[in-house]
Amino acid sequence: MGPIWSSYYGNCHSLLFMIDASNPTQLSASCVQLLGLLSAEQLAEASVLILFNKIDLPCYMTIEEMQSLIRLPDIIACAKQNITTAEISALKGTGLSEVLQWLQDTHRSHS
Ligand SMILES: Nc1nc2c(ncn2[C@@H]2O[C@H](COP(=O)(O)OP(=O)(O)OP(=O)(O)O)[C@@H](O)[C@H]2O)c(=O)[nH]1
Ligand SMILES: [Mg+2]
């Protein structure tokens with residue numbers, strides 16, 4: 001779906017970017033997509049929430065290792081956007097309240 005994302009950049013205030021934390025083989029592709037989003041002019045003012053999903057599944061890498069592998073702290077430091085991260089399980093509902101709180105706070109700060 002990546003190639004059509006840019007059709008939705010206009011008037012976008014909040015951006016949720018989901019990474020599959022159970023499948024580190026997709027990590028480099030995710031990182032390229034994320035960098036593309038963060039460097040898009042139209043998204044410069046957006047608030048970004050990076051979700052590491054599927055934390056209920058076993059994985060051979062920890063979230064910390066994945067974040068370090070894509071140099072997420074550097075990405076966050078260099079980005080124009082305000083970036084938050086959360087670890088969630090859409091299946092179990094883990095971290096859902098944090099996501100809802102972020103949406104509420106972000107909506108409030110843009111209205
Ligand atoms: N265990 C678990 N499964 C999940 C979770 N969130 C979504 N799924 C399942 O993941 C499946 C969808 O696969 P995804 O990998 O998310 O879909 P995708 O990324 O569009 O597809 P791929 O590009 O093939 O990876 C569905 O069966 C969902 O039920 C979660 O938090 N935990
Ligand atoms: Mg997937």
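Where does S89 lie? In this predicted model, S89 sits in the loop between β3 (82-87) and α4. The views below start from there and move on to other parts of the structure.

View 1. Let us begin with S89 itself, found in the loop that runs between β3 (82-87) and α4. S89 counts as buried because its relative accessibility is 1%, and buried means under 20%. Look next for L57: along the chain, S89 and L57 are 32 residues apart, while their C-alpha atoms are separated by 8.8 Å.

**View 2. The residues around ligand 1.**

**View 3. Polar atoms at ligand 1.** In D56, an N or O atom of the side chain is 2.7 Å from a nitrogen atom of ligand 1. For S89, a polar side-chain atom lies 3.4 Å from an oxygen atom of the ligand. With A90 the backbone takes part: one of its polar backbone atoms is 2.9 Å from an oxygen atom of ligand 1. On its own, ligand 1 has 640 Å² of accessible area, and the protein covers 41% of that.

**View 4. A nonpolar patch on the surface.** Four leucines, L16, L96, L100 and L103, form this patch. Together they have about 340 Å² of accessible area. Which helix gives the most to the patch? Helix α4 (residues 96-110) does, with three residues. L100 counts as partly exposed because its relative accessible area is 48%, which falls between the cut-offs of 20% and 50%.

**View 5. Cysteines without a disulfide.** A disulfide is a covalent bond between the sulfur atoms of two cysteines. How many disulfides does the structure hold? The count is zero. C59 is in no disulfide, and the nearest cysteine sulfur, that of C31, is 16 Å away. C59 counts as partly exposed, with 29% relative accessibility. C78 is likewise in no disulfide; for C78 the nearest cysteine sulfur also belongs to C31, at 12 Å. Is C78 buried or exposed? C78 is exposed, because its relative accessible area is 67% and exposed means over 50%.

Methods
Residues numbered from 1 in each chain as written. Chains lettered and ligands numbered in written order. Predicted model: local features only at pLDDT ≥ 70, side-chain atom pairs only at ≥ 80, totals over all residues. Heavy atoms only, no water. Patch = residues over 30% accessible without salt bridge, like charges linked within 9 Å, V, L, I, M, F, W, Y side chains within 5 Å. Areas by Shrake-Rupley, 256 points an atom, 1.4 Å probe, with all protein chains shown as cover. Salt bridge = Lys/Arg side-chain N within 4 Å of Asp/Glu carboxyl O. Helix = DSSP H or I, 4+ residues; strand = E, 2+ residues; numbered from the N terminus. Buried < 20%, exposed > 50% of the residue type's maximum accessible area, 1.4 Å probe, protein only. Disulfide = S-S within 2.5 Å. Polar contact = N/O pair within 3.5 Å; in protein donor to acceptor, adjacent residues only side chain to side chain.
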